[in-house]
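Have a go at each task before you read the solution.

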Amino acid sequence: MVSEWSWRQSPRATPSYVQKIFCPFRMKLTGFVAVAEVNMSFVEYSDHIQDGDTAIIYLGHDSMMPVKVQHGAQTQTRYGAIRHSTDLIGKPYGSKVTCSKGGWVHVLHPTPELWTVTLPHRTQILYTTDIAMITMMLELRPGSIVCESGTGSGSLSHAILRTIAPTGHLHTVEFHQQRAEMAAQEFKEHRVDHLVTVRNQDVCKDGFGVVGVADAVFLDIPSPWEAVKHAKAAMKKQGGRVCSFSPCIEQVQRTCEALADQAFEEISTLEVLLRVHDVRTASLPLPDFGSDPTETPEKTAADSAPKQTNVTIKTTTPPREIPGHTGYLTFATKPRT
Ligand SMILES: C[S@@+](CC[C@H](N)C(=O)[O-])C[C@H]1O[C@@H](n2cnc3c(N)ncnc32)[C@H](O)[C@@H]1O
């Protein structure tokens, strides 16, 4: 994790850098006259902002907002209004746009990472630190079939979809009807709905709605141990990985017992903690190593007298304590027998 200072100062850490890192699927189809361009989606990169896109307005570090781009619409920011028809539509992603009060913003292509920090919260959500570990430990890749419950605000779902595209599928289960509907609506707006099926049901009672297909299952519900048998049923016959996220160790204990009862193997629990180093400026005295033995004898004593010189440097200090427990991640493998 880069600190606030280095994120701001690093020449690479500009909005266009953010886009290049998080949007690897650049597509530029330029010919003699025609410029064919794919629509923005959370799994495919588009060069230009189009009507109907979800764009991320970057107002400054720690200040971003998502915007649904619509002909004729306006978005108010602290720097003034952004007029979608003239300021956004047709402009390249990454553009610097001047608002009506003279201040400016950058308009970024959406990515799962930017969505996680700007999405409308309907529930607590998973953040990129845990999501990165989940993606790796569940061995997700393009083409993976994944089951997830609950969908919540769809933070993890968007990251899963970007990883499993273009041929994988996510089956996500949410028992709160409005949350399920809103997630389905967002998947459509973000043009990833062909990769995901949203089911409005109780995963502990009714399972995931699929049997014998999943490469991986992820649980973020209050009583994951009640869903373990459904996770096993949803998974392909042999192998596959499961992960459960729980904030309390008592939930972890019960989940581990249920996983062991269902003959899961390689059960392990971990917690991901960030150590964000504090960047500060320090002024340190240069050490005095005494007189230079190669000096000519003509040098006077005054010339050789130690001089107190200070040097200003950037330095970092690690935090003494690490607050910010989010939850425990319990992983297990379905045996290949
Ligand atoms: C903490 S949120 C999930 C957040 C999600 N991982 C994200 O990153 O946005 C938990 C969700 O699980 C749902 N839920 C809880 N128990 C459930 C169950 N038995 N079946 C389906 N959904 C359930 C809740 O309604 C809630 O929306």
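This is a predicted model: local features need pLDDT of at least 70, side-chain atom pairs count only at pLDDT 80 or more; totals for chains, interfaces and linings use all residues.

**Exercise 1.** Work out how many residues lie between β5 and β6 in their hairpin.

*Solution.* Start with the pairing: β5 (residues 74–77) and β6 (residues 80–83) run antiparallel over four bridges. Strands here are DSSP runs of E, at least two residues, and helices are runs of H or I, at least four, numbered from the N terminus; two strands pair if DSSP finds at least two bridges between them. Next, Thr77 sits opposite Gly80 in β6. That leaves a hairpin with two residues between β5 and β6.

Numbering runs from 1 along each chain as its sequence is written.

**Exercise 2.** Check the length of α7 (residues 177–189), then find where its buried residues fall.

*Solution.* Second, burial: Ala183, Ala184, Glu186 and Phe187 are buried (20 or more other C-beta atoms within 10 Å of a residue's own; exposed means 12 or fewer, partly exposed in between; C-beta atoms are placed from the backbone). Seen down the axis of α7, the buried residues fall within an arc of 165 degrees (directions from the helix axis to the C-beta atoms), so they line one face. On the other side, Gln177, Gln178, Gln185 and Lys188 are exposed.

Conventions: The expected span of a helix is 1.5 Å times one less than its number of residues.
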